[in-house]
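Student: Hi! Could you walk me through some charged pairs in this protein?
Tutor: Happy to, let's bring it up.

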Amino acid sequence: MGELRPDHALPWTAAAAVQIDWPLALMALVATAVTVFLLVSLVRSPSRSRGAGSGPVHRERRRAPVAGRREAREALALVGDALAATHNPRALMPVILNVITEATGARGGRLLQEGEEVGWVGDLNGTPGVEFDLSAGDETTTMKLVLHPPEGGFGEETTKLAEWLSSQAAIALENARLHDIVQWQAITDELTGLVNRRRFLDALRTEITKGQRLGARLSVVLADLDDFKLVNDGFGHHAGDDVLLAFADLLRAHGRDVDVAARLGGEEFAILLPETGLEGASAVAERLRQSLANRRIRLGEREVTVTASFGVAELGPGQSVDALLRAADSALYRAKEKGKNRVEVAVAQSA
């Protein structure tokens, strides 16, 4: 199982590859610019230190007019615009802090995450703050907004306004967090935590473009667990998952920060090795092969040994993504034919 024949349709052919959505990328760039504009427009006065000492710097803001319906709508619109511009919770936090502080006429405000201050604005000295919950449906963390009222405190209407704006801000933060999770899931293999095929191909295209422009070397290692079907048939799919996780851990342990390890699907894995030639990539594959073969993996009450076969290819002049991966796959196929549990090297060919 998992052996690829030369006449099989490869999963990384051009028809199956995910192309970069340039319009979407341009929209993301514009959204980032909008976010920066919102943040800059909300900062009204120069920064100063928190007190007489040399503590952290915060932004002091002009006091807003008495809060009313118009200010509430504008504040909510600003949070909505920020959410449309970015789904990054960290980018939303300063927007939320600034607009609610201004809309309520507070002297200053703080954001607390798990009790730790992660942002502040205005004057935090004097009267104690009033807390508002921003956690919404997020059970993984606690987020609080602390507003420091002007002299005389908040009126009933202002307090209700702060509560309402905080509830809307909490929803915005939760939506951003969920969007963040979806984005992560789109590029990550759920079982192993390695990048998935889509993210690997995107990274490979980027590195090939850079390598061809700068003349940098680049290699790819394909790996396929040997006789993996026997593990699933003999021990069950949960045991198969344990083997996949064990191999993924090896890939992480032997990789550099610049390397990209991926699970392509099933028992097939890949490693992108920037600035690495054929000899270096072969050495990496051999270390992985030996580490896996010498490792005892516990499956229930038994321990088993699992092996893998490897195919290595280096990027050649003018070579395409397809051609590079086919070269590595051909080397992997030879490793399977020659008895498995071995490393075979391909000679890079032109596209």
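Tutor: Here we go through a few salt bridges and then one asparagine.
Tutor: This is a predicted model, where local features need pLDDT of at least 70, side-chain atom pairs count only at pLDDT 80 or more, and totals for chains, interfaces and linings use all residues. Residues are numbered from 1 along each chain as its sequence is written, and side-chain values use heavy atoms, with hydrogens and water left out.

Student: How many salt bridges are there?
Tutor: The count is 20, taking a salt bridge as a side-chain nitrogen of Lys or Arg within 4 Å of a carboxyl oxygen of Asp or Glu.

Student: Which residue does D226 pair with?
Tutor: D226 bridges to K336, with the closest N and O atoms 2.7 Å apart. The two are 110 residues apart, with D226 in the loop between β7 (218-225) and α6 and K336 in helix α9 (residues 321-337). Helices (H or I, at least four residues) and strands (E, at least two) are DSSP runs, numbered from the N terminus.

Student: Is D226 buried or exposed?
Tutor: Buried, because its relative accessibility is 6%. Buried means under 20% relative accessible area, exposed over 50%, and partly exposed in between (1.4 Å probe, protein chains only). K336 is buried too, at 6%.

Student: What does K340 bridge to?
Tutor: K340 meets D227 at 2.7 Å, N to O. K340 lies in the loop between α9 and β13 (343-345) and D227 in the loop between β7 and α6, so the bridge ties together parts 113 residues apart in sequence.

Student: New topic: where is N232?
Tutor: N232 sits in helix α6 (residues 228-235) and is buried at 12% relative accessibility.
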